[in-house]
Amino acid sequence: MLVPTNRLTLIDALRPPAGFRLESAMAVTFTLNLQALLAAPAAFAIAGLSDPTGDSGGHTPVELIHALRTHAHKLTVFSEAGEIGLPTASRAFAFLEGAVVPVKAPRGGIVHPKVWVLRYESGDPVDSHQEERLRVLISSRNLTFDESWDTVLRLDETAHSRGVALAKVGELFEGLLKNTVRDNKEKPKGWNVEHENRVHSLAQALKTARFELPAGVDDLRIHLLGLDQVPPPLPDTAERSLIISPFLADGFFSWVHPTPVNTLVSRQESFDALQPGIRDSIGNKYVFDDGGTLEDTESTGPGRPLAGLHAKVFAFETGDRARLFVGSANATGPAFANNVEILAELRGPVAELGIDRLCNGDGDDPGLVDLFHTYHPSPERPSSNGTGCSTLDTTRRKIAGIPITGTVTAGGKECQEYAVTYGAEKPLPAVEGVEIHWWPLTTPGHRREVPTSEPFEARFETSLEAISGFLAFELSHDCGEQSWFAVPVPLDGVPEHRDRCLLKALIGNAERFLRYLLALLYEDSRQFDVREFTRVVDSAASRANGPISFAVLERLLRTMRRDPLKLSGLHPLIADLRADDALPPGFAELWDAIHHVAAEGIRPQDAPAQ
């Protein structure tokens, strides 16, 4: 089950089934890395960008920009207010401005689930026989580039009537929709009504769809915590139990689950922080150690990467039956009282879902148990976090909970210059010992200190391409602690042609486009790392020169003769860039001639589906 060599990346989990493309998606995450969110559209488009041989390598920034612009408007991503990490400045984040929705927990905790609901569609959009298919991902992984060990449960829709229902997943998202930072009673300017429509549509689809059970599972139930007051779903008694949780708290063992735990796997720091009496009541205690370390994001802010253990697993055995809970909840009191959390409960025979089956190897591959090491108390019990850290956490979430808006106005000659005025109805919180600086995400050079004694408002001069719907904040405590985060801000008055100008600016000059195209046409082009995406698309373009254009022409003609299907697969990308006036001068006419000849050389049975 939890075999270290059996790994699934989030990109793989998001990728559409063969013959399908993304129709819409909604997600929720605690911490959010905007660069990781940029990678999601690449996953959605990867099937369409692959060549006919099935090789998905060689994706280039132009393709990723196109995928981002094509798919970002299909996303609704809920994130805990104040937990969006501050990325390196990039104009590409403009395409994500309408996708992110900050939320707060209604019972005073944090919004902690990590869930994706995806709807794919097949065939032509006007085809009356078009098929739709749902997928649900329930995991312990935030939408980040963390290198931590997490669990991901993937559930795909099935036509079988005996499949499991996941209506409660839809209830989670409808509950989040009621707890956004922005008041739902009076929708402010910039509120995207498409979020409501998308959430309600997907939630309704989840009520009637059925999902295939994983192998060895004969029942599956979803438990939502924190939207309403509900009792903990964990069983009161069991003959054998195992809990894997990176974070621990005394309250979990004293009132959430007072039943003795046979085996507990966590971190050294988490064990050390427990009261000695509670720690002694636990049976086998193991520290997960793969050589990495895990930083506590709940106390240090959203920007610090995670490594080591981050999975949450609660496993119980009684007789020949096993119950396995996976999802977002840690073994803490707040997880089962104040936080919004989700747990998927899988039931089945011990032979398939039992603790030994879960952690041991299969003979050929090592098991997760090989990374367990007996816990030994540290010489001294760790002290609690300093005042600075807790103050910055509180301040960060207060700032992110204030509805800030932005208004774009044109100015200067021929409206080539713009200004954005950001403001809120009340001032930002004044906190003793804390300085607040802020700037539009795309222009770090505009960093300013925030006055906290007057209404929050500031005007920034900018260019059309640098207009930003994200504000960057820096908090500095006089004890030396700092925290950085981003806040999405809805914009009013954005020019309609902004996307087209931005697309052209990101692609760059003709030389850059032709270099990208040349990489597309070579079969051995390198795999593009999505984490380098923003660095590459914002890098300075090389000077144009003649030889590269001849190289592209030569490669186009050779591909036309030897592999016309590859050109046919590139045609949708070229057509979209042409519609946005983002192609080099004269290239559209050249492409028309070459693509026409290539299309004539494709046999009908080889032609790609449109």
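A: This is a predicted model, in which local features need pLDDT of at least 70, side-chain atom pairs count only at pLDDT 80 or more, and totals for chains, interfaces and linings use all residues. Residues are numbered from 1 along each chain as its sequence is written, and side-chain values use heavy atoms, with hydrogens and water left out.

As background, the protein has 610 residues, of which 52% count as buried. Here buried means under 20% relative accessible area, exposed over 50%, and partly exposed in between, with a 1.4 Å probe and protein chains only. The secondary structure comes to 18 helices and 24 strands; these are DSSP runs numbered from the N terminus, helices being H or I of at least four residues and strands E of at least two.

Side chains of opposite charge can pair when their charged atoms come close. The criterion for a salt bridge is a side-chain nitrogen of Lys or Arg within 4 Å of a carboxyl oxygen of Asp or Glu. By that criterion, the whole structure holds 22 salt bridges.

One of them joins the side chains of E23 and R119, at 2.7 Å from N to O. Because E23 lies in strand β1 (residues 20-29) and R119 in strand β4 (residues 115-122), the pair ties together parts that are 96 residues apart in sequence. E23 is partly exposed, at 25% relative accessibility, whereas R119 is buried, with a relative accessible area of 8%.

R141 and D150 also meet through their side chains in a salt bridge, at 3.1 Å from N to O. R141 counts as buried, at 19% relative accessibility.

Another salt bridge links D592 with R578, whose closest N and O atoms are 2.8 Å apart. Since D592 lies in helix α18 (residues 587-600) and R578 in helix α17 (residues 564-579), this pair ties together parts that are 14 residues apart in sequence. D592 is partly exposed, at 34% relative accessibility, and R578 is partly exposed too, at 39%.

A last point concerns contacts in general, where contact means heavy atoms within 4.5 Å. Among contacts between residues at least 6 apart in sequence, 74% join residues at least 24 apart.
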